[in-house]
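Please keep the sequence and the coordinates at hand while reading.

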Amino acid sequence: MTPAVDLSKLENVFVVLGNRSTTRRPRRPAPSPRDDMKTLAFFGVVLAVDLLAVVFQSYCPPLAVFRGAG
Amino acid sequence: MVFPVILAYGALALPFPGALALAFCNGLLWDALTVQFIRPGAYAQGPMMEEVALGWSVVLFGVLAVLVHGLRPLFLRGRWDLHCLASGVCTVVILAAQYLMITFRLGGLIFPKTLWVRMLLPGFFAMLLSVPVYFAFYFLADALDYTVKVEVDDHDKRRR
């Protein structure tokens, strides 16, 4: 049996329209400044690998065959 | 071939601003590496011009990063094969777009048979390359304590 949904609340109307469960999803905690620093550090690592790929493609002769395809 | 693989990984593993920033850097690097100067027309005496103008790839990479970023929720649940697929598709799309830009600028639209091989083969190799790249980044993320995989909670399991 479908549980009754209080449609007086606007958010419930959207939930029903989207055919989604009305049980409230536990919210994930907002990222802390420490998490932001980790994200920034990982972005730096990805960028460093990117630059390393440029250097290798530009100066390492065996890898130069890949240059045409980026 | 390396740039689309890294772009696909960044778009899947980083938050939206990070994905866009990576697309910007990747686009600039790609343009700087592949820039070619030509004279328009066989006998023209005019100034040299770039085959693909600097900055076009930034837009293209940005659009691809936004599209691939949409798969991030699935990627965070452990679908590493999405990176493989996205790498191949990004490589083929970038090469195809670059070829189209060049042919439009030169004033013709030619599709020789070798073109498909030269687009699809790098795409295939990018898919192969994406597997070691994924695991290398996985260990780097682990070393930095950065989360690239979340546990599926009961709420998610019920919705499936």
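Leaving aside neighbours within four places in sequence, B:Ala13 is in contact (heavy atoms within 4.5 Å) with A:Phe42, B:Arg72, B:Phe75, B:Tyr146 and B:Val148. The model is predicted: local features need pLDDT of at least 70 and side-chain atom pairs count only at pLDDT 80 or more, while totals for chains, interfaces and linings use all residues. Residues are numbered from 1 along each chain as its sequence is written, chains are lettered from A and ligands numbered from 1 in the order in which they are written, and side-chain values use heavy atoms, leaving out hydrogens and water.

B:Ala13 is found in helix H1 of chain B, where helices (H or I, at least four residues) and strands (E, at least two) are DSSP runs numbered from the N terminus. With a relative accessible area of 0%, B:Ala13 is buried; buried means under 20% relative accessible area, exposed over 50% and partly exposed in between, with a 1.4 Å probe and protein chains only. B:Ala13 and B:Phe137 are 124 residues apart in sequence, yet their C-alpha atoms are 9.5 Å apart in space.

**Core and rings**

Rings of Phe, Tyr and Trp (its six-membered ring) pair if their centres lie within 6.5 Å, and planes under 30 degrees apart count as stacked, over 60 as edge-to-face and the rest as tilted. The count by this rule is 15 aromatic pairs over all chains. One of them is the edge-to-face pair of B:Phe75 and B:Tyr134, at 5.8 Å centre to centre and with 90° between the planes. B:Phe75 lies in helix H4 (residues 72-76) of chain B and B:Tyr134 in helix H6 (residues 113-143) of chain B, so the pair ties together parts that are 59 residues apart in sequence. Both B:Phe75 and B:Tyr134 are buried. Ring pairs also link a cluster that includes A:Phe42, B:Tyr9, B:Trp80 and B:Phe137.

| Residue | Contacts (heavy atoms within 4.5 Å) |
|---|---|
| B:Phe137 | A:Phe42, A:Val46, A:Val49, B:Ile6, B:Tyr9 |
| B:His69 | B:Ala11, B:Leu14, B:Pro15, B:Phe16, B:Ala19 |

B:His69 lies in helix H3 (residues 56-69) of chain B and counts as buried at 15% relative accessibility. The side chain of B:His69 reaches the backbone oxygen of B:Ala11 at 2.8 Å.

**Fold and confidence**

Chain B has seven helices and two strands, which follow the pattern α-α-β-β-α-α-α-α-α along the sequence. Buried residues make up 42% of its 160 residues.

Chain B averages a pLDDT (the predictor's confidence in each residue, from 0 to 100) of 82, and 82% of the residues score at least 70. In chain B, confidence is highest in H3(B), at a mean of 92, and lowest in helix H7 (residues 154-159), at 54. Where pLDDT is low, the predicted coordinates should not be read in detail. The model scores ipTM 0.78 and pTM 0.74.

Terms used
Polar contact = N/O pair within 3.5 Å; in protein donor to acceptor, adjacent residues only side chain to side chain.
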